[in-house]
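Notes follow in the order I checked things.

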Amino acid sequence: MKGIVLIALSLVAIAVAVNRATTGLYPAGKDPQEWPIHDRTRPQPPVITPGEASTQDQPGRPPSDALVLFDGKDLSQWESLNGGPAKWNVGSGYFEVAAKTGNIRTKQSFGDCQLHVEWATPNPPHGEDQDRGNSGVFLQSLYEIQVLDSYQSITYPDGQAGAVYGQYPPLVNASRPPGQWQTYDIIFHGPRFEADGKLRRPAYVTVVYNGVLVQDHVAIMGPTAHKQRPPYHVTPDKLPLMLQDHNHPVRFRNLWIRELAESEP
Ligand code: MG
């Protein structure tokens, strides 16, 4: 009986190890379980200087290893969807959607990443529901984390601020009043596809909104859309980050991104 239990436990351990290896929870290379505990030959993590948090009056400072997507001065990291210059307006330390000039996207493409975005909706607010401080952060240009004035303003739950648009409402509504700076800290892992185009595993996203967890490693169902849930289609490992022009003068500041190692198969 003991032997059977031991075999069963071994099988479970092997299954866990295989699962970890194939789901890629760990950086490429040696599985953490293969390292002897407290092994001093294990590589040290890179040393970086952490950033500083923003206040309402002052944007914070990105960590030293982040790529700064907006430094308060210009949109040189951004372009229009036709490849021309980004036409949004730059103010003092922020930029703002210029209505009807179209979405903008980063010139650079990104895969798995940590992303920090700060945004503020117009004050006094205009409109109601979805027509109130609407913009969006589109991961890989396809998966929208909704930007909306959701402070004491009702819309459909999977369309409010902090939602994976049309898929997952935020766990709580942690919105500040319009005009105040709101923060998104996003961890994104892109989808993986088999060689034949079949989805191997979906994209995952975690969103912290104003310091509060609102999306807890949810499996994105496919590209986000209005009134539909289109299926995944094969996409490159890296694509630009996109911000939405929804005709509202939403502001952004202190945008930075840290690319994560492509640790997952
Ligand atoms: Mg939107």
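I started with strand E2 and looked up its pairing with strand E5 (residues 104-110): 3 bridges join the two, and they run antiparallel. This is a predicted model, so I read every pairing here as computed from predicted coordinates. For one bridge I noted the residues: Ser-80 has Ile-104 in E5 as its partner.

I then followed E5 to its other pairing. Strand E14 (residues 239-243) is joined to E5 by 4 bridges, again antiparallel. Here I noted that Ser-109 is bridged to Pro-240 in E14.

Next I looked up strand E7 (residues 135-139). I found 5 bridges between E7 and E8, with the two strands running antiparallel.

I put the pairings together. The 5 strands make an open sheet, ordered E2-E5-E14-E7-E8, with antiparallel pairing. E2 (78-80) and E8 (143-147) are the edge strands; each has a single partner strand, so one side of each lacks a neighbour in the sheet. From one strand to the next, the twist averages 30 degrees.

I asked which residue in E8 is the bridge partner of Val-137. I found Ile-145. I then listed the contacts of Val-137, leaving out residues up to four places away in sequence: Val-117, Glu-144, Ile-145, Val-147, Tyr-184 and Leu-243.

I checked the largest nonpolar core, which holds 44 residues. Val-137 is among the members that touch the most others, together with Leu-139, Tyr-143, Val-164 and Val-205. As background, I noted that nonpolar side chains in soluble globular proteins tend to be buried together.

For the whole protein I recorded 1 helix and 15 strands. Of its 265 residues, 31% are buried. I also looked up the sequence separation of contacts: among those between residues at least 6 apart in sequence, 61% join residues at least 24 apart.

Last, I turned to a loop residue. Pro-46 lies in the loop between helix H1 (2-23) and strand E1 (67-70). Is Pro-46 buried or exposed? I count Pro-46 as exposed, because it has 7 C-beta neighbours inside 10 Å, and the cut-off for exposed is 12 or fewer. I also looked up the distance from Pro-46 to Asp-65: the two are 19 residues apart in sequence, and their C-alpha atoms are 9.7 Å apart in space.

Terms used: Residues numbered from 1 in each chain as written. Predicted model: local features only at pLDDT ≥ 70, side-chain atom pairs only at ≥ 80, totals over all residues. Core = buried A, V, L, I, M, F, W, Y, C linked by C-beta atoms within 7 Å. Buried ≥ 20, exposed ≤ 12 C-beta atoms within 10 Å, placed from the backbone. Contact = placed C-beta atoms within 7 Å. Pairing = 2+ DSSP bridges. Axes fitted to C-alpha atoms, helices over the stretch in contact; angles between N-to-C directions.
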